[in-house]
Amino acid sequence: MQSKLNLPAPDWHSAAKSLRIDGRAVIAGQRRAAQSGQSFDSVSPIDGRNLAPVARGQAADIDAAVASCRQAFDDGRWAHQAPAARKKVLLRFAQNILAARDELALLETLDMGKPIRYSLSVDVAATARCIAWYAEAVDKVYDEIAPTSRSALALIQREPMGVIGAIVPWNYPMIMAAWKLGPALAAGNSVMLKPSEKSPLTALRLAELALDAGLPEGVFNVVPGYGHEAGEALALHLDVDAIGFTGSTRVGRKMLEYAGRSNLKRVYNELGGKSAFVVFSDFADVKRAAVTVAGSMFFNQGESCNAPSRVFVQRDIADDFVKLVTAEAAKYEPGDPLNAGTEMGAIVDQTQLTTVLGYIEAGRVEGARLACGGAQARADTGGCYVQPTVFDGVTNTMRIAREEIFGPVMSVLRFDTEDEAVALANASSYGLQASVWSDNLNRAHRVARRLRAGTVHVNQYDEDDITVPFGGYKQSGNGRDKSLHAFDKYTELKTTWIRID
Ligand code: NAD
């Protein structure tokens, strides 16, 4: 299939007008409407425009898609191919993603509101790299032979698990899907992907691009739909072997319940965060810390699980730091996501906009000082926008410090001693990421070790790569996406004993 868009961009507004969007599910290599005939509207948060009807997948559609995944797995059309053969197909898939980069980026921006420049440079690029990286990896990982006695041979092998249900959120729709698809498909599994109802469009195109690359029919199906319908049916399904879930801690809890109520399928949860950014006054380049925290917090409209939303600053530099951060925040005023220069785009939908504004109100009511922002923006567009917002004088008991907001709202908290900083930073039910800023080598290492988070950054927050694991401590989840460790989630470990006479 060819990309359905005639570009050259970058006139993204006209490109958007000529885009033809197909919201039907992809099952067994075919586009299919929901069996009930129902659909829901995909509405753009950029200006409230209606993008396309999307199939409202329910239990019957999930049954059909899982049956197709199961058949594909059982007859070995993918799982039995040599790793080098799977590599070839997945590398073509990655190339197809890059070839369709303008179309995919436009769909992502229209669907969930992020700036087109980042859909292109971050989302499409990282999605293709992720698929290619696992493709390249899969024919380079070896199994093991145990050091047993001479009368036996014990092989320890990784085998594909079977049918993987992937349920993903709306903040990085393609990347989150790729973090599941890359390792799961490379290992030989079939995948049934349920994208968020708020951002289903790119997932559907990814399935077509995979088919074009030669992925056999049924190995990768996509059924869009609501969480309580399609998502629940998938997570309860008796023929699904594992769920790779990324989303809120609230729904992650349900995933564990669904597994308990059904077939004890494996559940890998990648959940929310409230990441701490700890700045000591012995760090000389305060401006760099302020620029970094603003960039990381306001990137993707603050809709990042690892956004450094709790900023702990040592008291003697806190006033200066807040001035620097608010000056930086001004650079992230929301703009039209389809303009190539826009840094911050639209919040995903009206519901999330209301949630974010509700938290801003809660911060005010609980006594935090608004240092900048605090209001809706660009309301005349009919879209969903919020000013970059910084609260000073926040305490750890306030809701804005405890709960994940998932919008462009930063809380600044002050501390005096190292012990206090560590205690405050760790006093959270989340543990996704953290960062420590200090020019004292001993302190930097000491605090990095004491922070309870899956990733700790020292004197930076920007580094990221497919080669390192991503995931959280505590209620930020279990399991890890990315890196070779992700293969653990989608493979079973088998021991085979062979007698040697
Ligand atoms: P969400 O939990 O509301 O939804 C996530 C997915 O689950 C969606 O596809 C949704 O349709 C589905 N779902 C919702 N209710 C369901 C149910 N009852 N049964 C089955 N499926 C259901 O999360 P969201 O609002 O889409 O995404 C934001 C959350 O994702 C934030 O908490 C964010 O921190 C988290 N997130 C985490 C990571 C990570 O790697 N740890 C990455 C990105 C986002």
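Let's start with H5 against H6. On the H5 side we have Val122, Asp123, Val124, Ala126, Thr127, Cys130, Ile131, Tyr134 and Val138. They meet Met174, Ile175, Ala178, Trp179, Leu181, Gly182, Pro183 and Ala186 in H6. Contact here means heavy atoms within 4.5 Å. By class, that is 14 nonpolar, two polar and one charged residues. Nonpolar covers Ala, Val, Leu, Ile, Met, Phe, Trp, Tyr, Cys and Pro; charged is Asp, Glu, Lys and Arg; the others, Gly among them, are polar.

A word on the model. It is predicted, with local features needing pLDDT of at least 70, side-chain atom pairs counting only at pLDDT 80 or more, and totals for chains, interfaces and linings using all residues. Numbering runs from 1 along each chain as its sequence is written, and side-chain values use heavy atoms, without hydrogens and water.

Now the geometry. The axes of H5 (116–138) and H6 (173–186) come within 9 Å and cross at roughly 10 degrees. So the two are roughly parallel, meaning under 35 degrees.

Next pair: H4 (101–112) and H7 (201–212). Their axes are 8 Å apart, at about 160 degrees. That makes H4 and H7 roughly antiparallel, the label for angles over 145. Glu103, Leu104, Leu107, Glu108 and Asp111 in H4 meet Leu201, Thr202, Arg205, Leu206 and Leu209 in H7. That contact divides into five nonpolar, one polar and four charged.

Last, H2, residues 59–74. Its buried residues (under 20% relative accessible area, 1.4 Å probe, protein chains only) include Ile62, Val66, Arg70 and Phe73. The buried set packs against strands S1, S6, S7, S8 and S9, and against helix H8. After H2 comes glycine 76, with a positive phi near 75 degrees.

Definitions and conventions: Axes fitted to C-alpha atoms, helices over the stretch in contact; angles between N-to-C directions. Helix = DSSP H or I, 4+ residues; strand = E, 2+ residues; numbered from the N terminus. Parallel < 35°, antiparallel > 145°, perpendicular 65-115°, else oblique. Expected span 1.5 Å × (residues − 1). Buried < 20%, exposed > 50% of the residue type's maximum accessible area, 1.4 Å probe, protein only.
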